[in-house]
Amino acid sequence: MRGNRKTIFAVAALAVAAALMLGIWYFTRPQTQAGAKTVAVEVVHSDGSSKEFTYHTGAAYLGEMLADEELVQGEQGPYGLFITTVDGETAQDSLNQWWCVTKSGERVDTGVDATPIADGDHFELTMSSY
């Protein structure tokens, strides 16, 4: 009987903790902006050259807009889209290259599929290496 109580208490505590975490995520998640918006995306290639693209979109998230506009290609992973190619340039694993995503010069802390966009936003996709 005591073993059952401990198990029930542990399951209940786990359920409460999960509900609390879900509530925290729900109220602190990045907010999206509905409707049409104009978003600029600057691509900085490995040779240092850059290109600016301006998109008019109704998309709510950066990944959705980039895929709709066919600016990027990548692989779907556990955290959403992992960008491998931008504007025709593919990151080379052998050179330890990857595409860094920033917003107005500041690194974003979400994947592109979870990065909300708003009217007037400016994003940068920069070929980087480590």
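Gly58 is exposed, with a relative accessible area of 58%; here buried means under 20% relative accessible area, exposed over 50%, and partly exposed in between, using a 1.4 Å probe and protein chains only. Gly58 sits in the loop between β2 and α2. Helices (H or I, at least four residues) and strands (E, at least two) are DSSP runs, numbered from the N terminus. Setting aside neighbours within four places in sequence, Gly58 is in contact with Gly35, Ala36 and Lys37, where contact means heavy atoms within 4.5 Å. Its C-alpha atom and that of Thr85, 27 residues apart along the chain, are separated by 23 Å.

A quick word on the ground rules: this is a predicted model, so local features need pLDDT of at least 70 and side-chain atom pairs count only at pLDDT 80 or more, while totals for chains, interfaces and linings use all residues. Residues are numbered from 1 along each chain as its sequence is written, and side-chain values use heavy atoms, with hydrogens and water left out.

## The chain as a whole

The chain has two helices and eight strands, and from the N terminus on the elements run α-β-β-α-β-β-β-β-β-β. The radius of gyration is 20 Å, well over the 14 Å that the globule rule gives for 130 residues, so the chain is more spread out than a compact globule. That radius is taken over C-alpha atoms, and the globule rule is 2.2 Å times the number of residues to the power 0.38.

Along its principal axes, the C-alpha trace spans about 70 × 40 × 25 Å. Of the 130 residues, 31% count as buried. Among contacts between residues at least 6 apart in sequence, 54% join residues at least 24 apart.

## The open sheet

Five strands make an open sheet in the order β2-β1-β8-β6-β7, with mixed pairing; two strands pair if DSSP finds at least two bridges between them. The edges are β2 (50-57) and β7 (106-107), each with a single partner strand, so one side of each is left without a neighbour in the sheet.

At the β7 end, strand β6 (residues 97-103) pairs with β7 in the antiparallel sense over two bridges. Thr102 stands opposite Arg107 in β7.

Strand β3 (residues 72-77) and β4 run antiparallel and are joined by six bridges. One of the pairings puts Gln76 with Leu81 in β4, and a hairpin links β3 to β4 through two residues.

β4 also runs antiparallel to strand β5 (residues 89-90), with two bridges joining them. Val86 has Glu89 in β5 as its bridge partner. The β4 and β5 hairpin has two residues between the strands, and Asp87 in the turn has a positive phi of about 50°. β4 is mostly covered, with six of its seven residues buried.

In soluble globular proteins, nonpolar side chains tend to be buried together. The largest nonpolar core here has 23 residues, and those with the most contacts inside it are Val41, Met65, Leu66, Leu71, Ile83 and Leu125. The elements that give two or more residues to this core are β1 (37-44), β2, α2 (62-68), β4 (80-86), β6 and β8 (122-129). A core of this kind is a set of buried Ala, Val, Leu, Ile, Met, Phe, Trp, Tyr and Cys residues joined through side-chain atoms within 4.5 Å.

Take Leu66: leaving aside neighbours within four places in sequence, Leu66 is in contact with Val41, Leu71, Val72, Ile83 and Leu125.

## One aromatic pair

Rings of Phe, Tyr and Trp (its six-membered ring) pair if their centres lie within 6.5 Å; planes under 30 degrees apart count as stacked, over 60 as edge-to-face and the rest as tilted. By this rule there is one aromatic pair. Phe53 and Tyr55 form it, stacked at 6.2 Å centre to centre with 5° between the planes. Phe53 is buried at a relative accessible area of 18%, and Tyr55 is buried at 9%.

Asp121 lies in the loop between β7 and β8 and counts as buried at 11% relative accessibility. A polar atom of its side chain lies 2.8 Å from the backbone nitrogen of Ala118. Not counting residues up to four places away in sequence, Asp121 touches Thr38, Val39, Ala40, Lys103 and Pro116.

Thr38, in strand β1, counts as partly exposed at 30% relative accessibility. Beyond four places in sequence, the contacts of Thr38 include Tyr55 and Asp121.

Technical notes. Polar contact = N/O pair within 3.5 Å; in protein donor to acceptor, adjacent residues only side chain to side chain.
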